Amino acid sequence: MPNNKITGAEALMRSLENEGVTTLFGYPGGAIMPSYDALYDHRSTLNHILVRHEQGAVHAAQGYARVSGKVGCAIVTSGPGAMNTVTGVADAMIDSTPLVVICGQVGAAFLGTDAFQEVDVIGVTQPITKWNFQIRRAEDVAWAVSRAFYIAKSGRPGPVVLDFTKNAQTSLVDYEPKRVDFIRSYLPVPQIDETAIKTAAKMINHSERPFMLVGQGVELGDARKELRELIEKANIPVGCTMLGLSALPSDHPLNKGMLGMHGNLGPNVLTNQCDLLIAVGMRFDDRVTGNINTYARQAKVIHFEIDPSEVNKNVHADLAVLGDCKQTLAEVIKYVQPADNSLWISRFTPYEQQENEKVIEPAIHPAEGPLLMGEVVRRVSELTENKAILVTDVGQNQLFGCRYFKFTEGRSVLTSGGCGTMGFGLPAAIGATFGAPERTVCLFVGDGGLQMTIQELGTIMEQHTPVKIILLNNNYLGNVRQWQYLFFHKRYSFTPMLNPDYEKIADGYGIKARTVVERKDLDDAINEMLQTDGPFLLQCAVMEEDNVLPMTPPGANVDEMMLEIK
Amino acid sequence: MTLYTIITYSENFAGILNQITAVFTRRQVNIESLNVCSSSTPGVHKYTITCYCTEEMVKIITKQIEKRIDVLQARYYTADQIFIQEVALFKLSTPSLVEESAISRTIRQHSAKIVEVNETYSIVTLTGLPEDIDSLYVSLDSFGCVLQFVRCGAIAVTKNRRELLDEYLETLGVNH
């Protein structure tokens, strides 16, 4: 009788192929070595990107997932390897990113004995995963991998961690591919309630001042078209959350800009003046709402959501429309009537003018003085015809990036929203170049965040990934400094930073680099960066003590935005 | 603050209790009592959890529990929607029991049972509402005869005619 048995590690590789995985990001180590040995034979189908630190692997997988809509996959070893993925897993959880992270684990016989590189990965990742599972037998590999991918990508996406014991990797099994597409305890998409659909349409039809909040759910649900149809039919002005920025083209007349602490003035102020607030695929984060007790109290609220646990979590919804927004929005379109809300929509104009004059123009077209982050972002956006993918790190680079980058295409914003993970940007941008190889990927990163995962320049060097790195260097941890300026009596406690010579660092990795200090050189430098085949580091020596405005101070009401700092 | 009873069903996988209790921890709600056992459905575990909180909070907690992948169902109830019972064991000093006749009278008044007697101690059990158990404990304790006391987490059945879980599983059966 022929021996058809394969190892659990080989079963993992076949299971990954079975799930359509083509790219995975990882780092080998003791307890995952059998799987890496199996991977060696699958190099032609499974493109493994060796990162320089496990945190980079997860952020890269996140970047890959968010721009492609596919499940991102990372593979690391046990103990420290697994622990280094924790930040990225938490980030993916709060930002609803589909991920499968495979960690090696000590052999089942050693579990609980404090063996070398043993950490209770299941215990640690339990609160930050959509699901996690310890594979202790080779027989469970096919089932667990398929279940992991099904859970990660279905419904509201999220990260799954598979903790793969060494004995399960090495023991032999009769492999049979599995396909999990049903779990009896898990309803990924709630059933659509026709009454809710009709009530929503009725509320929209009766509303005189409707306002819609668009979140990443629209992108995740691939509902850009439906969103557009609905708002155009019913003439509803829209504000986008940071992660929802590219759900609607930036220049769409009904797109009134970004919500939140550093969003645009109009959508924030008018949140407290609309009579109907329609939230789609967003979760009323405190950075969006400000003081929750005064938030949109005058308005009725409709919440379109795929995750029932989000409804009434932060803001009371008068009506919840549960389901996949691609379907629920399409249903509501049938019942809404065309409306002329021009008078209401015109109320955004004075706020736009005011913000434009006081904040935007000085930020993107300064006449003199040092280079500003805002103008760098806007020029990169313009010179890429607003078609590029915006990747940001966290901090002022992120806020300026999201405020001044413009979008024409979907799945174009890659930023750490809920978790605010510094160090996210560089590895996420690497992942994005694999997830959307045909697109230009522009990373805006500060001198602080870049150094948190700077080792990934090694990955860029090795893979020659065409990441356009725009380093907005202000020699400060700028966002914290801004808060210290505003709320801590200008006591700059450990926010000034001595920086290395980044051009030399880039040079060490064989990455072309250029530094811009003067405004007149900016366009030429950006063009050089964009025309360079492969990676490029563009260091911009920006104003040291610049502030992101407007700003809703923490805890203030959503309509109390500061336009200037006195 | 109201006492709510959350009844939850999950698959019999390792680690789910941890997932459920973590929801309470994050929301800073203390669990008053917790009972976990196998249910009438093979492979399904049943959790009966009581806690004091607002209705708004119990709604959030219940949804967060049900969101866990391997949790089949979570529902919350107020005391009037369920029959709730606890079991308590009282270990009493036998000499006190013999000397003070009021102790035996208290035990009878509470319909508690003496299930073990020896020279040093006697064991009394009571099944009843949490307040019945509180009442017996307070009475016995006033005699200074309680050597040990333990009570189990509350268990409850709903006033629905059938298990809601069975209805849920049947709907799934129709759809799949």
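In what order do the strands of the six-stranded open sheet of chain A run? The tour gets there at the third stop.

**Before you start**

This is a predicted model: local features need pLDDT of at least 70, side-chain atom pairs count only at pLDDT 80 or more, and totals for chains, interfaces and linings use all residues. Residues are numbered from 1 along each chain as its sequence is written, while chains are lettered from A and ligands numbered from 1 in the order in which they are written.

**Stop 1: chain A as a whole**

Select chain A. Its secondary structure comes to 24 helices and 20 strands. Helices (H or I, at least four residues) and strands (E, at least two) are DSSP runs, numbered from the N terminus. The radius of gyration of chain A is 24 Å, close to the 24 Å that the globule rule gives for 566 residues, so chain A is as compact as a globular protein of that length. That radius is taken over C-alpha atoms, and the rule is 2.2 Å times the number of residues to the power 0.38. Along the principal axes, the C-alpha trace spans about 80 × 60 × 40 Å.

Now colour by burial. Of the 566 residues in chain A, 57% are buried. A residue is buried if 20 or more other C-beta atoms lie within 10 Å of its own, exposed if 12 or fewer, and partly exposed in between; C-beta atoms are placed from the backbone. Take the contacts in chain A with a separation of 6 or more: residues 24 or more positions apart account for 78% of them. Two residues are in contact if their C-beta atoms, placed from the backbone, lie within 7 Å.

**Stop 2: the domains of chain A**

Colour three ranges: domain 1 (6–173), domain 2 (194–348) and domain 3 (371–541). These bounds come from an automatic or database domain assignment. Keep domains 1 and 3 of chain A on screen; their C-alpha centres lie 29 Å apart. Across this boundary, 26 residues of domain 1 of chain A are in contact with 27 residues of domain 3 of chain A.

Which elements of domain 1 supply at least two residues each to the side that touches domain 3 of chain A? Select β2 (23–26), β3 (47–50), α3 (54–68) and α5 (86–94) of chain A. Helix α3(A) gives the most to this side, with twelve residues. By class, the side has eleven nonpolar, eleven polar and four charged residues. Ala, Val, Leu, Ile, Met, Phe, Trp, Tyr, Cys and Pro count as nonpolar, Asp, Glu, Lys and Arg as charged, and the others, Gly among them, as polar.

**Stop 3: the six-stranded sheet**

Show strands β15 to β20 of chain A. The order in this open sheet is β16-β15-β17-β18-β20-β19, with parallel pairing. Two strands pair if DSSP finds at least two bridges between them. At the edges stand β16 (413–414) and β19 (512–516) of chain A, each with a single partner strand, so one side of each is left without a neighbour in the sheet.

Zoom in on β15 (residues 389–392) of chain A. Two bridges join this strand to β16(A), and the two run parallel. Here A:Val391 stands opposite A:Leu414 in β16(A).

**Stop 4: a covered helix and a loop**

Select α18 (residues 396–404) of chain A. Nine of its nine residues are buried. Among them are A:Phe400, A:Arg403 and A:Tyr404.

Then go to A:Glu139, in the loop between β6 (131–135) and α7 (141–153) of chain A. Is A:Glu139 buried or partly exposed? It is partly exposed, with 17 other C-beta atoms within 10 Å.

**Stop 5**

Select chain B. Its secondary structure comes to six helices and nine strands. Its domains are domain 1 (2–77) and domain 2 (83–151), with C-alpha centres 31 Å apart. Buried residues make up 30% of the 176 residues in chain B.

Finally, show both chains. In all, 17 residues of chain B are in contact with 15 residues of chain A. Helix α2(B) gives the most to this side of chain B, with five residues.
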